[in-house]
Amino acid sequence: MSVRSRIFSAMRQIAEEQKITLPPLQDDLPLPDTGFDSLAFAILVARLEDDLGIDPFTIAEEVTFPSTVGEFVRAYENVPA
Amino acid sequence: MSSAAGCVVPTPGPAMGPPSGLPRWEQGRAARERTYPQGQATKADATQEATGRGSTQRGRSTAKTWLKAIELTSRIEAEPHRLFADIVEEWAQRQPGRPALRSDAQFLSYGQLAARINRYAHWARDLGIGPARTVCLLMPNRPDYLACWLGISSIGGTVALINTRLVGQSLAHCIGVARADHVILAADCLAAFETARPHLDYVPQIWILGAGRGGADLDAALDAADTRPLSSPERGDVTIDGRALLIYTSGTTGLPKAANVSHRRVLRWGGWFAGLMDATVDDCLYDCLPLHHSVGGVVAPCSMLCAGGSVVIAEKFSAGKFWDDIVRFECTVFQYIGELCRYLLKAPPSDMDVRHGLRLAVGNGLRGDIWEAFARRFAIPQILEFYAATEGNFSLFNVEGKPGAIGRIPPLLAHRFPVGIVKVDADSGSPVRNEDGLCIACAPGEVGEAVGRIGGAERGGGAFEGYTDSAETEKKIVRGVFAEDDAWFRTGDLMLRDEQGYFHFIDRIGDSFRWKGENISSSEVNDAIRDCPGVLDASTYGVIVPGADGRAGMAALVVDRAFDFAVFAKHPSDRLPVYALPVFVRICRTLAATETFKQKKQQLISEGFDPSVVRGPLFLRDAATGSYRPIDRATYASIVESGIHSSVGSKSRCFER
């Protein structure tokens, strides 16, 4: 499974657990429009760390959080596991 | 999340409990003895432990550390009637016999603490205390302090936490701005209260704890009060929006300001720190900071009570007793301020240094120059440095333990707590504006004032709850920062952000400075000094002392023949707490002022207390006797060489005030 599909799968699962209605996931979807709050994102980042073995936001030199789903995925794709 | 106490999320799996069945402190000790068989920490081991990147102790990652803190605080909004006293009650149901609060003189299990909280609540309710009513609390550090404010605030009353070291006008001011109906006085605080009484507009009803005259007997009233939890109708409609506390901050100009602290913020502070500290029922935190401050009084105890852990409340910090206490009470965590670490590091090495079972030191103000030496010598496995202000609308946490940094906002919370650093004018202390009238963000590495955008709960920024004085509240808000219609909270703190996004504390802006962990308002000190016979004019400011955090107070005086140092040494001490008394005094012919009569202090500040630079007589306050004696080159050299304590009393006396 690609990094992208693992991220999307994790997001769908968390949305279900947290009772968040997730719009169709596509690259240009702004992250705030996912309906994810801070808790949902924190769960996502922690789960992806277990799943993919990386947390790009802890080791990042720059601190800006991605603004779209596509940027979020790229943050994971660009870090060697 | 479904646990009875409901505050802590149990971690399933092997991390849940000590595999050996030992309490955590025993585990910590066993682990330490394995690592350092001779009781000697190796430099590399301890430093690596306390400065690890990307993961915290026990292998918990940064991402999971944040997740736990966010989980613990995410329920707060969903249950607006659940206050901090309810968390204690839930733990009391679940583990009534386990320790909650301990000191040398008092032990309160969770069951006893909950009962005591309920007594205060019933007593307050019977008196008609509720929303819009305030009770001032003057009590030295002790377990009952927590029971008092948790109980009274649970039925809607506000408790004003008054600094027990204040006297006279300053104390009267703090009681006055609270508009209190009642004052609770521990017998130890009666004498201080009497110095304030003549300055009060009106005298609230006085309640005394312990043997003393001059008020009603609160001990007897509490003994007669019920210990059962109040029913919902008895408690009334008290929600997290309500004000729980007034906590005083020293203003950059003038007397202390009373900051509003809602139940929401009490719960958030407790939850954030319980999560970031990974607190559990086996933890015991050592708290020797003043309980009338937000860190010592709310953050430290509530982090543990949120998780079912315990808190040791020391009356005050003592370098001589510190490690004995840590070992004796089997503490796993201690709450520091940077100055405290500095005192501990200055003490001669001892066997006690690494005999403790501490797993974590949490606090603020541990500066980069001593961070690693401190972690290494005392073998502290993890350091959690943070930045927060009582009335502030954001906090920074250095979860990764990067030496010298005060923390950063994790990227996934950046939208929720926007923090900026803006350029300020060095002379006026005001933000610099560009041609569009907006503020200018500092580049990485550039020093400016830290500001936090003011917004609602989940969006746009943190709430700023302000002070009792709305004019003071407005002064802390700067508008049109990065957009015409935005509003940001001014911290008054100079910081820089490094390339990795970590913030570093530089200094306070302008008129206030920090000494021995207290913010000192130079104008308040100056007003007291100017009233002294023989003083024609005065300017008060802070000067850097090598090897000490913050700045030591210095007063430049213009005097006439009536001036007498013996009188001067005594005069301001009737109005100011000891830590605010000027450490240095210099005598000047005149004092420079701007055209708007603001004092020009920069020259004075830069000259410091060096007798080869300062023209005119120069003096140092002896902490032991309170008298001032001249500074010659030898005294100056001694201070520069080995710090101010070598010249002024002992270390512990200096700190214990």
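This is a predicted model: local features need pLDDT of at least 70, side-chain atom pairs count only at pLDDT 80 or more; totals for chains, interfaces and linings use all residues.
**Confidence**

- Chain A has a mean pLDDT of 88, with 90% of its residues at 70 or more.
- For chain B the mean pLDDT is 85, and 86% of its residues reach 70 or more. Residues 1–49 of chain B have a pLDDT below 50, although the model gives this stretch 66 contacts beyond near neighbours in sequence.
- At the other end, residues 646–657 of chain B also stay under 50 in pLDDT. The model has 35 contacts for them beyond four places in sequence.

**Overall picture of chain B**

- Chain B has 657 residues, of which 52% count as buried.
- Its secondary structure comprises 21 helices and 27 strands.
- Among the contacts in chain B with a separation of 6 or more, 69% are between residues 24 or more positions apart.
- Four domains are assigned in chain B: domain 1 (1–10 + 43–80 + 269–407), domain 2 (107–238), domain 3 (413–508) and domain 4 (512–656).
- Between domain 2 of chain B and domain 3 of chain B, the C-alpha centres are 36 Å apart.

**Where the chains meet**

- Chain B brings 22 residues to the contact, and chain A brings 18 residues.
- On the side of chain B that touches chain A, the classes are nine nonpolar, seven polar and six charged residues.

**Two helices of chain B**

- Helix H11 (residues 263–276) of chain B has 14 residues, which at 1.5 Å a residue should span 20 Å; the distance between its end C-alpha atoms is 20 Å, in agreement.
- H11(B) is largely enclosed by the rest of the structure, because 14 of its 14 residues are buried.
- H5(B) is mostly covered, with 15 of its 17 residues buried.
- Just after H5(B) comes Gly128(B), with a positive phi of about 85°.

**A covered strand**

- All five residues of strand S13 (residues 360–364) of chain B are buried, five of five.
- In a regular strand the side chains alternate between the two faces of the sheet.
- Both faces of S13(B) are covered: one side holds Leu360(B), Val362(B) and Asn364(B), the other Ala361(B) and Gly363(B), and all are buried.
- Strand S12 (residues 333–337) of chain B runs parallel to S13(B), and five bridges join the two.
- Asn364(B) in S13(B) is the bridge partner of Ile337(B).

**Three loop residues worth a look**

- Pro131(B) belongs to the loop between helix H5 (110–126) and strand S3 (134–138) of chain B. Pro131(B) is partly exposed, as 14 other C-beta atoms lie within 10 Å.
- Leaving out residues up to four places away in sequence, Pro131(B) touches Gly156(B) and Gly242(B). Pro131(B) and Gly156(B) are 25 residues apart along the chain, yet their C-alpha atoms are separated by 4.5 Å.
- Ala379(B) is not a glycine but has a positive phi of about 50°. Its loop runs between helix H15 (368–377) and strand S14 (383–387) of chain B. With 23 other C-beta atoms within 10 Å, Ala379(B) is buried.
- Lys19(A), likewise a residue other than glycine, has a positive phi near 55°. Lys19(A) is placed in the loop between H1 and helix H2 (38–52) of chain A.
- Is Lys19(A) buried or exposed? Lys19(A) counts as exposed, because it has 7 C-beta neighbours inside 10 Å.

How values were computed: Residues are numbered from 1 along each chain as its sequence is written. Chains are lettered from A and ligands numbered from 1 in the order in which they are written. Helices (H or I, at least four residues) and strands (E, at least two) are DSSP runs, numbered from the N terminus. The expected span of a helix is 1.5 Å times one less than its number of residues. A residue is buried if 20 or more other C-beta atoms lie within 10 Å of its own, exposed if 12 or fewer, and partly exposed in between; C-beta atoms are placed from the backbone. Two residues are in contact if their C-beta atoms, placed from the backbone, lie within 7 Å. Ala, Val, Leu, Ile, Met, Phe, Trp, Tyr, Cys and Pro count as nonpolar, Asp, Glu, Lys and Arg as charged, and the others, Gly among them, as polar. pLDDT is the predictor's confidence in each residue, from 0 to 100. Domain bounds come from an automatic or database domain assignment. Two strands pair if DSSP finds at least two bridges between them.
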